Amino acid sequence: MAVEASQLVSDDGCYIARRVFTSAEVYQQEKQHIFGRSWLYLAHESQFKQAGDFITTYMGETPIIVALGSDGKIHASVNSCSHRGLRVCRSDQGNAKRFVCPYHNWSFTPEGNLAAVPQERKVIAAVDKAALGLKAVPRIESYQGLIFGSMNPDIESLADYLGDMRFYLDSYFKRFPQGVEVIGAPHKWLLDANWKLPVENQLGDVGHGPYLHATLLADSPAVDEIERYGFNTVPKPGHGAAVRLLPEDSAALDIAWGMEGIAAMDPDPELVEYLVAIQEQASERIGPIGARIKGLTYGVFPNFSLLWANSTIRVSHPRGPGKVEYWSWWVVPKDAPDHIKEMLRLNYTNFFGPAGLLEQEDSDAWSAQFAGSNIDYMEDRPYYYGLGQGEETEHPELPGKVGSCYNEHYARQFYLKWREMLESGVSEQKGALS
């Protein structure tokens, strides 16, 4: 039975039904019409250095192998043997010449082609290997080293899908002379929450900071800076970027990426010199406006996030309406000396990561909101997302719709995009059946 999305999200996006987060029916529609039709983050180019390098990930709940082929191209294949369906790769990352199914030893190349069938020697009819490779993800594109894939062969280009979000991504990923690199495998958490709750939080929810994270942030200079210079932007419905746009006469030290958290509390002179040098050259790479941006949180619809100060890429992998597997990668400037990277690592691990102070508080809040969504007799009390409604406008320097740092239009536009995709998907499905 199709979901009536118009009953779940109001026309102005200010009211969101609690069933959006708890309904199994809604979740089944999401898997098909959201995750099956969007661009989804797969990996970063820095994770592939030689032919055969691979990582495993998910598109929704579909297991995926992403690998660098001998042709020098990135390939993404569904991690399911074409013979009996088992996963042919059970490692998170590594290098392999073949992916081998443990059941009957059918083997596949990093490009996803079927290479060998041991049993073929014992039968007369030849196996058509060309037709039995792993199912390929039909669209793969990258932007600033970020590799995305889509199960929708007819989806618009990734550049068009991102739209003005590219400006905000550039302000981070082009800031560094040689870009960034991902360090290690992702940290992973399995939470009792809906997948949209971490996404919504990191699209632009800076309003919880002084309260949920009061021990660290209440009455801090960081909150004052956000309120004075902060904006919540919607570059394109569904995407979001919470930023601070510092004044033109700001010192490089005040804007420099990396000079927050641990680095600011106990600044090492060599680290400060390195970070300020990057900032002083930023205008050459990202222009004068981009160079003045001091980011907070970014999000690309439906489930990609970036935490600016803590330099972490995050993906919210759904595991049902009430479970989310949250993945977090630490990223750093690629050309930074190893001892500089080690100093920067504290900005990630002390606040986020497995023992991060803020991570634990956020995770608890998401689980608590999901529990609140399951309370009986609350169907007539949808959640209110109307803060700042109608106040967002154009900005002379920042692309997209721009509101104050506490304007919730980032969430309204996310759920209106979500509603539109469910409605159009259901409509197309009905048309195909008629």
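Hi everyone, thanks for having me. Before I start, please keep in mind that what you see above is a predicted model.

Let's begin with the overall layout. The chain is divided into domain 1, covering 40-140, and domain 2, covering 164-422. Their centres, taken over C-alpha atoms, are separated by 34 Å. Twelve residues from domain 1 and 17 residues from domain 2 make up the contact.

How much area do domain 1 and domain 2 bury between them? The value is about 1200 Å², with 60% of it on carbon and sulfur atoms. On the domain 1 side, look for Tyr 41, His 44 and Tyr 58, which supply 39% of the area that domain 1 buries against domain 2, more than any other three residues.

Between the two domains we count one salt bridge, and three residue pairs are in polar contact. Strands β2 and β3 each supply at least two residues of the side of domain 1 that touches domain 2.

Now please find Ser 46, in the loop between β2 and β3. Is Ser 46 buried or exposed? Ser 46 is buried, because its relative accessible area is 10% and the cut-off for buried is under 20%. Ser 46 and Glu 181 are 135 residues apart in sequence, yet their C-alpha atoms are 5.2 Å apart in space. Setting aside residues up to four places away in sequence, Ser 46 touches Val 180, Glu 181 and Val 182.

Next stop: Asn 194, in the loop between β12 and α5. With a relative accessible area of 1%, Asn 194 is buried. Which partners does the side chain of Asn 194 have? One polar atom of that side chain lies 3.1 Å from the backbone oxygen of Phe 21, and a polar contact of 2.8 Å joins the side chains of Asn 194 and Lys 196. Beyond its neighbours within four places in sequence, Asn 194 is in contact with residues including Pro 321, Val 324 and Phe 370.

Let's turn to charges. Side chains of opposite charge can pair when their charged atoms come close. The count for this model comes to 22 salt bridges. One of them joins Glu 225 and Arg 244, with the closest N and O atoms 3.0 Å apart. Glu 225 sits in helix α8 and Arg 244 in strand β14, so this pair ties together parts that are 19 residues apart in sequence. Glu 225 is buried at 16% relative accessible area, and Arg 244 is buried at 1%. These two also belong to a network of salt bridges that links Glu 225, Arg 244, Glu 260 and Lys 294.

Another pair is Arg 345 and Glu 342, whose side chains meet at 2.3 Å, N to O. They are three residues apart in helix α13, so about one helical turn separates them. Arg 345 is partly exposed, at 31%, and Glu 342 is partly exposed too, at 42%.

Let me finish with helix α11, residues 269-280. Its twelve residues reach 16 Å from the first C-alpha to the last, close to the 16 Å expected. At its start, a side-chain oxygen of Asp 268 comes within 2.9 Å of the backbone nitrogen of Glu 270. Buried residues in α11 include Leu 271, Tyr 274 and Ile 278.

Key
Residues are numbered from 1 along each chain as its sequence is written. This is a predicted model: local features need pLDDT of at least 70, side-chain atom pairs count only at pLDDT 80 or more; totals for chains, interfaces and linings use all residues. Side-chain values use heavy atoms; hydrogens and water are left out. Helices (H or I, at least four residues) and strands (E, at least two) are DSSP runs, numbered from the N terminus. The expected span of a helix is 1.5 Å times one less than its number of residues. Buried means under 20% relative accessible area, exposed over 50%, partly exposed in between (1.4 Å probe, protein chains only). A polar contact is a pair of N or O atoms within 3.5 Å; within protein, one must be able to donate a hydrogen and the other to accept it, and residues adjacent in sequence count only if both atoms are side-chain atoms. Contact means heavy atoms within 4.5 Å. Domain bounds come from an automatic or database domain assignment. Buried area is the accessible area (1.4 Å probe) that two parts lose on being put together, summed over both. A salt bridge is a side-chain nitrogen of Lys or Arg within 4 Å of a carboxyl oxygen of Asp or Glu.
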